[in-house]
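Q: I am new to this structure and would like to go through it step by step. Could we begin with its pockets?

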Amino acid sequence: MDNKKALDILENLKNVIMGKDEVLEKVLIALFARGHLLIEDVPGVGKTTLVKALARSMDLSYKRVQFTPDLMPSDIIGISVYDKNTGAFFFKKGPIFNQVFLADEINRTSPKTQSSLLQAMEEGEVSTEESHYILEKPFMVLATQNPLEYQGTFPLPEAQLDRFLMRLSLGYPEKQSEIEILQNYQSIKNLNLIEPVVSQEDILEMQSMVDEITVHRDIIDYIVNISNTTRIYEDLRLGASPRASIDLLKAAKSKAFLAGRDYVIHDDVKKMVVPVLGHRLILSPEARIEQKGIEDILKEVLSRVFVPVMTDE
């Protein structure tokens, strides 16, 4: 399985996001799985820089929108404008008509505006009163939110969270990585180290290669058993949906591709469980009182599910 171009993107991103190789790999896994990404972290750790670097690495169209309480759906999708010369209305496309769309601080806008992303994220299409538009592929929504600041925010509903393939956190850098950031912050800020290394056609080809990854029936059973276990787990009020099972399969296939394999092993699934399922589950009131964490619960879920015996051959 030729994944050289994928590794080229990874090396490009490492020039500006230092010491976060595992996170960067998951960003690419989401991209090749045709998924969308929720980046939840404190301000100043490089969320916006990561998205800009990703778009530049692939030479794709990119737009960032700062989500605010007064933002309207038409500010995202577009609006019909009257042309006095022709006496007719024409549709002026909004920023969602870009291949990489960054919804910065998505939880700062109203649910009405948040929901304007749903059709684009699920179907890759946008419908207006007059017409219907197919978004150019590849298309990826990356959204950010601050997990610590809740005043004046609108938490994403479960239906919206379920549209994101993964939720990731960059976290603070290690000391040596932060030293490198300080030494190179000017070039990092200007993204001078980033040049396109793949084309639109390359990305579409790699996504098609992920689609063709072989998945044994035992692996599919393993994924379904994980999801079913979350639905009956005593500390969870809401378990994984069938969409979550599909996304876990897609992420596992994409991880196998990034590892240079044309087949999925159970370890691909295990490593994707937390980023793919973690944001979709809801703790029971008792678990909240006991301050149990989703990640620990998912580890316990995995310990209850039989692991198929697969060989890396």
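Q: How do the residues of the lining of the second largest pocket divide into nonpolar, polar and charged?

A: The lining of the second largest pocket has nine nonpolar, two polar and 12 charged residues. Here Ala, Val, Leu, Ile, Met, Phe, Trp, Tyr, Cys and Pro count as nonpolar, Asp, Glu, Lys and Arg as charged, and the others, Gly among them, as polar. Please note that this is a predicted model, in which local features need pLDDT of at least 70, side-chain atom pairs count only at pLDDT 80 or more, and totals for chains, interfaces and linings use all residues. Residues are numbered from 1 along each chain as its sequence is written, and side-chain values use heavy atoms, with hydrogens and water left out.

Q: Which residues lie nearest the centre of the second largest pocket?

A: Glu22, Lys26, Val274, Pro275 and Glu295 lie nearest its centre, out of 23 lining residues. A pocket is found on a 1 Å grid over the protein atoms alone, as an open set of points where a 1.4 Å probe fits, with protein on both sides within 12 Å along at least five of seven lines; lining residues have an atom within 4 Å of a point.

Q: Which element gives the largest share of that lining?

A: Helix α2 does, with six residues. At least two residues each come from α2 (21–32), β9 (166–168), α13 and α15. Helices (H or I, at least four residues) and strands (E, at least two) are DSSP runs, numbered from the N terminus.

Q: And what volume does the largest pocket have?

A: Its volume is about 680 Å³, while the second largest pocket holds about 570 Å³. A volume is the space filled by probe spheres set on the grid points, which are joined across faces, edges and corners.

Q: Which element gives the most to the lining of the largest pocket?

A: Helix α7 gives the most, three residues. The lining of the largest pocket divides into 11 nonpolar, eight polar and six charged residues.

Q: Back to α13 and α15: at what angle do their axes cross?

A: The axes of α13 (residues 266–277) and α15 (residues 294–304) cross at roughly 140° and come within 10 Å. Axes are lines fitted to C-alpha atoms, for helices over the stretch in contact, and angles run from 0 to 180 degrees between N-to-C directions. α13 is therefore oblique to α15; angles under 35 degrees count as roughly parallel, over 145 as roughly antiparallel, 65 to 115 as roughly perpendicular and the rest as oblique.

Q: Which residues meet there?

A: Lys270, Val273, Val274 and Leu277 in α13 meet Glu295, Leu298 and Leu302 in α15, where contact means heavy atoms within 4.5 Å. Five of these contact residues are nonpolar, none polar and two charged.

Q: Which residues of α1 meet α3?

A: Ile9, Asn12 and Leu13 in α1 meet Leu50, Ala53, Leu54, Ser57 and Met58 in α3. Six residues of this contact are nonpolar, two polar and none charged.

Q: New topic: is the peptide bond from Lys137 to Pro138 cis or trans?

A: That bond is cis, with omega near -5°. Pro138 is found in the loop between β7 (132–134) and β8.

Q: What is phi of Arg34 near?

A: Phi of Arg34 is near 60°, a positive value in a residue other than glycine. Arg34 is found in the loop between α2 and β1 (37–40).
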